Every structure is written in C-alpha cells, then in structure tokens.
Amino acid sequence: MNAPDLSCATDLPADRSACAARDAADPLARFRAAFDLPEGLIYLDGNSLGPLPRAAATRIEAVVRQEWGAGLIRSWNDAGWIDLPGRVGDRIAGLIGAAPGSVTAGDSTSINLYKALNAALSLMPQPTGRSVILSDTGNFPTDLYVAQGLCAASGGRLHLRTVAPEALAGSVDGDTAVVMATHVDFRTGRMHDMQAVTRAAHAAGAAMVWDLAHSAGAVPLDLAASGAECAVGCGYKYLNGGPGAPAFIYVRPDLQDRVPPALSGWMGHAAPFDFTPDYRPAAGIRRQQVGTPPILSLSALDAALEVWADVDMAALRRKSLALSDLFIALVERDCAGFGLRLVTPRDHGQRGSQASFACPADLGGGYPVMQALIDAGVIGDFRAPDLLRFGFTPLYLRHVDVWDAVDRLRQILETRRWDDPRFHARAAVT
Ligand SMILES: *Cc1c(COP(=O)(O)O)cnc(C)c1O
C-alpha cells in the first residue's frame with residue numbers, strides 16, 4: 001500500500017480551535033452521528049471493542065421482537081436468517097478487498113484461525129516434507145496458542161516457529177508449510193506489508209494465512225490482490241459488531257471447493273436439511289460454516305456494517321493517520337519528560353490505526369496511568385507489560401478529542417494523579 005502524503009506531524013494545530021476547524025472540514029464528520037457515544041467521553045478503544053452503532057440497537061430490538069418474538073422458527077426462511085452468515089460475509093468482503101462469496105461470518109477469530117490453518121495445510125502437495133507453521137513474536141497470543149494446539153494434535157509432524165516481525169518475510173524457507181501473520185500488531189500497531197509477505201510465502205512454496213483483526217475497518221486492504229490462501233478477522237473491533245461479535249473467514253475463491261473443512265458441521269453440509277448420516281461439504285465458502293449461526297449477534301454486526309456502505313476507505317485512512325500523527329506529536333510535545341516512549345512506527349506505510357507508548361517503571365509501569373486516564377473520561381487500554389494503547393477510529397473521533405485526550409494525560413502526569421491506590425488495583429480485563 002502506498003502511504004498517503006501527510007505531514008501533520010510537522011503541522012501541529014496551534015490550539016484547540018484549530019483542531020475544531022479541522023473537524024469542520026472533515027469529510028467523515030457526519031458518521032459520528034451513527035454511533036451512540038456517551039456524552040463527554042473520549043473513546044480511544046474502538047480497536048478493542050467498537051462503540052454501539054445506533055442502527056445495531058434498532059436492529060436488535062426488531063430482530064428480538066418481530067423476527068424471534070412474532071416470527072419464531074419461520075424466520076429462518078422468512079427473515080432470511082439461514083443466509084445471514086453469507087450476507088454479512090459479503091459486506092465484510094467489500095471492506096477487505098475480497099470478492100462477494102469469499103467470506104462467511106460466524107464463530108470466533110480463534111476458531112476461524114483453526115479452520116484457516118487447516119485449510120492452508122490441506123493445500124500442501126502430499127506427501128509434504130514441510131513441517132513449519134511460521135509466525136512472528138508480535139502475533140496475538142490466541143493465534144500462537146491455536147497454532148500450538150494444532151501442532152500438538154499433529155503428533156510431532158508440525159511445529160510452530162516464531163521470528164521477529166521484521167524477519168518474517170526473510171525467514172520463509174522450504175520447510176515452511178504456512179505463514180501465519182497478523183497484519184497489524186495489536187501491541188505496537190506495526191503493519192506488515194501484506195503483498196510482500198504473501199509474495200515471500202508463495203515464492204518459497206508456502207501458503208499464507210492473514211489475521212485481519214486490527215485491519216478490517218481500520219486500513220484499506222486488497223486481500224484478493226495479495227493472493228493469500230486464507231484470512232480471518234474480528235467483528236467486534238473496528239467493525240463495531242458488539243461484544244463477542246461473530247468473526248469471519250476468507251478462503252480464496254479458486255480454493256474453496258478444494259479444502260476439506262476442519263470442522264465438518266451440519267451448517268457446512270451441502271444439504272443440511274436432508275439429515276443424511278454422511279458429511280458432504282457444501283460448495284463455496286459455505287462449507288466453512290459449522291453450527292447454527294448466532295442470529296442476534298450476526299444481526300447486530302450486519303447493522304453495524306451498514307454504516308460502512310458509503311465510507312471512502314482512502315479518506316478513512318487519511319484521517320486515521322492525521323489523528324494518530326496529531327496524538328503522537330502532542331504527547332511528545334506536551335508530555336515530554338515523563339519517559340513515555342513511542343513503540344508505533346512513525347512511517348505511515350508501517351502503521352495501522354493505533355498509537356502505543358511504553359511507560360517507564362517510575363510511572364507504575366503504565367497500568368495506573370491508564371486507569372487514571374479512564375477515570376478522567378478518556379478510554380484507552382493497557383497492554384502488558386507496559387503499554388498505553390490508543391486506537392484511532394475515524395468514523396467517530398474528532399481532532400478535538402485527540403487534543404483533549406492529550407491534555408488530560410498531561411494533567412495526570414504532572415499532578416501524579418495516577419499514583420492513587422485505587423488506580424493500581426488490577427481488574428480481570430485490562
Ligand atoms: C482480537 C484478536 C483476536 C480475538 O480472538 P477471539 O477468538 O475473537 O477472542 C484474535 N486474533 C487477533 C490478532 C486479535 O487482535
């Protein structure tokens with residue numbers, strides 16, 4: 001992807017009203033009204049759980065009262081419930097650069113990754129001497145855990161190898177069966193070059209599986225052009241589908257009928273309502289479905305995706321970089337001297353839609369700083385061991401939000417308000 005030409009880092013607004021002027025000229029400003037955001041709150045955690053789209057609340061109410069309450073079981077046909085995974089999949093396909101019919105929504109990202117890894121492994125010509133699933137140390141733990149479980153179940157045939165993120169493309173070799181990578185690193189926001197890594201995998205004869213959890217709805221993607229065999233991603237982050245929203249899986253169209261589904265459930269059967277004793281996979285992406293789709297949460301995700309129908313992804317990307325550039329520049333200017341260290345790439349071509357700062361030990365390692373910030377109405381999150389993480393979601397964030405967030409962070413650091421015992425107690429979810 002070409003980095004848009006932006007130089008906001010050297011073009012700091014003089015004051016808050018200069019930020020407001022940027023907001024007034026923002027072509028994406030109208031999308032903020034599509035979200036039900038608590039008054040006065042600055043939400044910099046849409047990369048972890050997207051906020052409530054108004055359309056999702058309306059839809060859930062209608063699905064519960066009319067489709068479920070009144071329609072009952074008839075709604076599988078009458079309300080089109082049975083085809084909802086594919087319809088939601090098609091909406092997601094439009095956001096990730098994939099063709100209609102190549103994505104289905106359902107299950108969690110972890111489960112879809114299990115399916116995708118198996119699908120990719122099944123494509124190796126047999127017998128294969130290739131025994132390595134190659135990934136990087138920046139990958140999200142569940143991805144590594146799923147791969148570890150798959151290797152353990154292989155009885156020693158497969159093993160997981162992780163290398164530094166920068167070394168990934170250069171580490172693919174003749175032993176690599178599958179390269180499994182998360183496009184945007186959840187900790188640092190570093191973004192892999194999708195086309196280059198996929199090319200390296202294919203040049204060495206390996207298959208490519210992308211995890212787009214921090215990319216779908218965050219950055220423009222051209223998944224089909226990469227030629228990657230499979231991809232997965234998350235519904236509750238930038239897509240705003242709600243807590244535990246269904247995830248998605250992509251299989252390259254020419255491979256869909258070649259890969260035996262790893263989880264051969266009845267919803268992936270060619271004719272589930274024939275109730276025959278033997279499994280026969282459906283054609284196309286539908287064979288990646290497993291069990292009965294979760295209609296309530298799929299409906300919420302479907303409504304959340306309606307918001308995206310007329311979003312210009314190039315404009316989204318420009319604003320995402322403008323917001324993260326502004327945040328980084330303001331933190332480095334106004335919070336200088338407290339030892340915060342940017343771990344997100346400054347290079348636009350390598351940055352997703354977040355900014356993370358490592359905290360020194362004398363700021364309590366960062367956890368209490370984030371708790372104090374949340375208490376002050378700015379929600380970001382903390383990622384162990386020492387990261388303050390902030391997501392930039394252009395559909396509802398404004399330049400003034402960035403200005404205000406950094407101002408509150410500065411006050412917390414200057415007054416040491418974070419060093420209150422109530423901010424040090426760790427909650428179960430950070
Ligand atoms: C958020 C995230 C997940 C979440 O997986 P679930 O199974 O939905 O809990 C997986 N992988 C990555 C890279 C993520 O960022």
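This is a predicted model: local features need pLDDT of at least 70, side-chain atom pairs count only at pLDDT 80 or more; totals for chains, interfaces and linings use all residues.
## Basis of the model

Residues are numbered from 1 along each chain as its sequence is written.

## The ligand shell

The ligand is surrounded by S108, T109, S110, F140, T142, D143, T182, D211, A213, H214, Y236 and K237. Three of the shell residues are nonpolar, six are polar and three are charged. Here Ala, Val, Leu, Ile, Met, Phe, Trp, Tyr, Cys and Pro count as nonpolar; Asp, Glu, Lys and Arg count as charged; the others, Gly among them, count as polar. Helix 5 (109–122) and helix 6 (141–153) each give at least two residues to this shell. Helices (H or I, at least four residues) and strands (E, at least two) are DSSP runs, numbered from the N terminus.

## Polar contacts and cover

Which side chains have a polar atom 2.5 Å from a ligand oxygen? S110 has an N or O side-chain atom at 2.5 Å from one. K237 has a polar side-chain atom at 2.5 Å from one. For H214 the distance is 3.0 Å. On its own, the ligand has 390 Å² of accessible area, and the protein covers 87% of it. Such areas come from the Shrake-Rupley method with a 1.4 Å probe.

## The largest pocket

On a 1 Å grid over the protein atoms alone, a pocket is an open set with protein on both sides within 12 Å along at least five of seven lines; a cavity is a set of points where a 1.4 Å probe fits but cannot get out; lining residues have an atom within 4 Å of a point.

The volume of the largest pocket is about 260 Å³. It is lined by 19 residues, and F140, T142, C234, Y236 and K237 are the closest to its centre. Its lining has six nonpolar, eight polar and five charged residues.

## Cavities

The structure has two cavities of 30 Å³ or more. The largest cavity has a volume of about 50 Å³. Its lining is G217, Y238, N240, W308, T393, P394, L395 and Y396. Five of these are nonpolar, three are polar and none is charged.

## Backbone features

Most residues other than glycine have a negative phi, and most peptide bonds are trans. N240 has a positive phi, near 65°. N240 sits in the loop between strand 7 (230–233) and strand 8 (248–251). The peptide bond from A384 to P385 is cis, with omega near 5°. P385 is in the loop between strand 12 (381–383) and strand 13 (387–391).

Terms used
Side-chain values use heavy atoms; hydrogens and water are left out. A residue is near a molecule or strand if one of its heavy atoms lies within 4 Å of it. A polar contact is a pair of N or O atoms within 3.5 Å; within protein, one must be able to donate a hydrogen and the other to accept it, and residues adjacent in sequence count only if both atoms are side-chain atoms. Grid points are joined across faces, edges and corners, and a volume is the space filled by probe spheres set on the points.
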